[in-house]
Amino acid sequence: MTLVLRGRERGIATLTLDSPANRNALSARLVDELAQALGDCARDETVRAVVLTHTGTVFSAGADLKAPPNPYTFVALLRQLVTLPKPVVARIDGRVRAGGIGLVGACDLAAASAGSDFAFTEVRLGVAPAVISLPLLPRMDPRAAERYYLTGERFGAAEAVRTGLLTVASEDAGGDADADAGSGSVSGSVSGSGVDRVLAPLLDGLRRASPQGLAAAKQLLAARVLETFERDAEDLVQRSASLFASPEAREGMTALLERRDPAWVL
């Protein structure tokens, strides 16, 4: 069974994270499959843009603690999203946590339903949003990043737009039950509600743009983000590895799996 479904409609390729049993956690296998699918889209001249979406109620819960990807492999995936010569658009209709927010931050555009919510949960596990900071910190409002990195609070779609994490969010809390994310229909008409309604004009604009124009514009926009990869990637990978190997992180992970508060909670 594949963990990344593929669809296509009018030049828009749809890649759907399809591992709902573990809330689309970023396992080594899922990361590898997503990287392969993105590479295929990059080489396909009929693909104008890519939509990255999900099955189930969670876009991604972050790293799969049972089968995590190699940190360098995950950094390579984030960089691949940033440098892909075609725009990548995140389509979110649910919860996004930790490393999943890194995927969203690496996309060029991001749309979410009003009921979606986000949280940097790392700090509550004894670690930090280290590697995912590469695409996020250049794009997010600094004060917002400080608040949500440090508190681990949940925040909604409207706040995510304000912080710069999202491009747009729907105003209604309704889902898109009539949209089949795995079929590529999310890139179709405006007849749906919620996220697909606000996503439609973005995709229409991308279809009207020339491939060369899109690639050149994206290169301009990604330059500042790529500077952080070149400067900070190695340091952040090492810092993340050190945190995950610490006794405090082991306590945080154990507490999560045992569904209890970690020892440091007052």
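This is a predicted model: local features need pLDDT of at least 70, side-chain atom pairs count only at pLDDT 80 or more; totals for chains, interfaces and linings use all residues.
## Largest pocket

Rolling a probe the size of a water molecule over the atoms shows where empty space is left. The largest pocket holds about 1400 Å³ of space. Its lining is made up of 44 residues, and Ala61, Ala63, Leu65, Leu125 and Leu256 are the closest to the centre.

Four elements each give at least two residues to the lining of the largest pocket: helix 2 (71-83), strand 6 (95-97), helix 8 (211-244) and helix 9 (247-257). Helix 9 has the largest share, with 5 residues. Sorted by class, the lining of the largest pocket contains 25 nonpolar, 11 charged and 8 polar residues.

## Second largest pocket

About 240 Å³ of space is found in the second largest pocket. Helix 8 supplies the largest share of its lining, 6 residues. Helix 8 is also among the elements that supply at least two residues to the lining of the largest pocket.

The lining of the second largest pocket consists of Pro87, Asp108, Leu109, Pro138, Arg139, Leu206, Leu214, Ala217, Lys218, Leu221, Arg224 and Val225. By class, 8 of these residues are nonpolar and 4 are charged, with no polar residue.

## Aromatic pairs

A pair of aromatic rings is described by the distance of the centres and the angle of the planes. The model has 4 aromatic pairs. One of them joins Phe118 and Phe155, with 5.7 Å from centre to centre and 25° between the planes. This pair counts as stacked because its angle falls under the limit of 30 degrees.

The pair links distant parts of the chain: Phe118 lies in strand 8 (residues 117-119) and Phe155 in strand 9 (residues 155-156), 37 residues apart. Phe118 has 0% relative accessibility and so counts as buried. Phe155, with a relative accessible area of 4%, is buried too. Both residues belong to one aromatic cluster, which also contains Phe120, Tyr148 and Tyr149.

## Helix 7

Helix 7 runs over residues 195-208 and has 14 residues. From its first C-alpha to its last, helix 7 reaches 21 Å, close to the 20 Å expected at 1.5 Å a residue.

The buried residues in helix 7 include Val195, Asp196, Val198, Leu199, Ala200, Leu203, Leu206 and Arg207.

Notes
Residues are numbered from 1 along each chain as its sequence is written. Side-chain values use heavy atoms; hydrogens and water are left out. On a 1 Å grid over the protein atoms alone, a cavity is a set of points where a 1.4 Å probe fits but cannot get out, and a pocket is an open set with protein on both sides within 12 Å along at least five of seven lines; lining residues have an atom within 4 Å of a point. Grid points are joined across faces, edges and corners, and a volume is the space filled by probe spheres set on the points. Ala, Val, Leu, Ile, Met, Phe, Trp, Tyr, Cys and Pro count as nonpolar, Asp, Glu, Lys and Arg as charged, and the others, Gly among them, as polar. Rings of Phe, Tyr and Trp (its six-membered ring) pair if their centres lie within 6.5 Å; planes under 30 degrees apart count as stacked, over 60 as edge-to-face and the rest as tilted. Buried means under 20% relative accessible area, exposed over 50%, partly exposed in between (1.4 Å probe, protein chains only). The expected span of a helix is 1.5 Å times one less than its number of residues.
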